[in-house]
Amino acid sequence: MIINDILKRYREGDRDFRHSNLSKSNLSGMKLSNSNLSDSKLTDAHLAWSNLERCFLIKSDLRGAFLYGANLSFVKLKESLLMEADLTKADLHGAQLHKVNLEGATLSGAVLTWVSLYMANLPNVNLCGANLDGINLRGANLQGANLNWTNLNHARLSGANLQGAKLQGIKLKGAFLNGLDLQGCNFSALDLTEAKISGAKLQNSNLSGSNLSNAILRRSILTKANLNNAQLQQVQMRGAQIIQGNFMKSNLTETDLRGADLSFSNLNLANLTGADLTDANLHGAYLWGACLNGAILKNTNLTGASLRDADLSGVNLSEAILDGVTMPDGKIYL
């Protein structure tokens, strides 16, 4: 009776159905686009293939709802309950799901491009292979989530909890990862171009073979990180801590390393052409065969570093700290 009344009112142009009780109702395939169903009860409701485009479902209860293939594009679901809901193949592009609880929900094959899941609760959610281009996951709980092979290009993940999340093969071009705890993560051979990773914790992480060109890693902690053969052209790494980092054969052309701590790092055969190492600490670093053509070494601490066979053409060493440095010809600077 409630369903028939709502459908009748909808046909007559009414769109305000707030505080409705539609629990366990069958609304499959029905059109209610642009309606206001905020504060409504839709627990265990059947909404497969329904058209809810641009609806307001703020603070609504959709626990256990069956939303297979539903059109939820641009829907407003702020603070709604979607625990155990089935959103398989649902279209959620452009939807706003701020502080939504999706614990135990199924999102297989769902369209989630440019969705906002700000501070949403998504523990152990399976998003494997999903297209999340441009998604807003700031402050979201993704603990234990399966994000393998997920497209997170341009995604906003700052402040998110990714503890225990599966991150194999993900795409992070232009993504926002500022301040995240990513210690020990495996980001090898990934596309991280233009990613924003300032203030992140990346100790013992594996970034070997990854492309980080034009990325921003200011003040990030990369102690003992593996950046072997990584593309780091024009990366902003000012003030980063990269003690005992592995940069062997990496491309650091025109990279900003001002004030960075690279002490005891392996920079053998690295390309540092035009890199700015002003005030950087390379105490005890290895730069065998490295190319520093045109690099800026103003007040750079190279104490005890090894520059054997390094290319120093176009470099002004007069303002660098060279105590105990092994020079390109093998002689110790005294």
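User: Contact here means heavy atoms within 4.5 Å of each other. What share of the contacts with a separation of 6 or more joins residues 24 or more positions apart?

Analyst: This is a predicted model, in which local features need pLDDT of at least 70 and side-chain atom pairs pLDDT 80 or more, while totals for chains, interfaces and linings use all residues. Residues are numbered from 1 along each chain as its sequence is written, and side-chain values use heavy atoms, without hydrogens and water. In the protein chain, among contacts with a separation of 6 or more, the share from residues 24 or more positions apart is 1%.

User: How many helices and strands does the protein chain have?

Analyst: Both are DSSP runs numbered from the N terminus, with helices (H or I) of at least four residues and strands (E) of at least two. Helix 1 covers 2-11, and S158, S208 and K173 each lie in the segment after helix 1. The count for the protein chain is one helix and zero strands.

User: What radius of gyration does the protein chain have, against that of a compact globule?

Analyst: The radius is taken over C-alpha atoms, and the globule rule is 2.2 Å times the number of residues to the power 0.38. Along the principal axes, the C-alpha atoms fill a box of roughly 95 × 30 × 20 Å. A compact globule of 334 residues would be near 20 Å, but the protein chain has 26 Å.

User: Is S208 buried or exposed?

Analyst: Buried means under 20% relative accessible area, exposed over 50%, and partly exposed in between (1.4 Å probe, protein chains only). Beyond four places in sequence, S208 contacts S188, A189, N226, L227 and N228. Because its relative accessible area is 18%, S208 is buried.

User: Which class does K173 fall into by relative accessibility?

Analyst: Leaving out residues up to four places away in sequence, K173 touches N153, H154, D191 and T193. Its C-alpha is 9.2 Å from that of N211, 38 residues apart in sequence. The relative accessibility of K173 is 34%, so K173 counts as partly exposed.

User: Which residues touch the most other members of the largest nonpolar core?

Analyst: A nonpolar core is a set of buried Ala, Val, Leu, Ile, Met, Phe, Trp, Tyr and Cys residues joined through side-chain atoms within 4.5 Å. Of the 334 residues of the protein chain, 49% count as buried. Beyond four places in sequence, the residues that L292 touches include L272, L277, L287, L297 and L307. Of the 111 residues in the largest core, those touching the most other members are L287 and L292.
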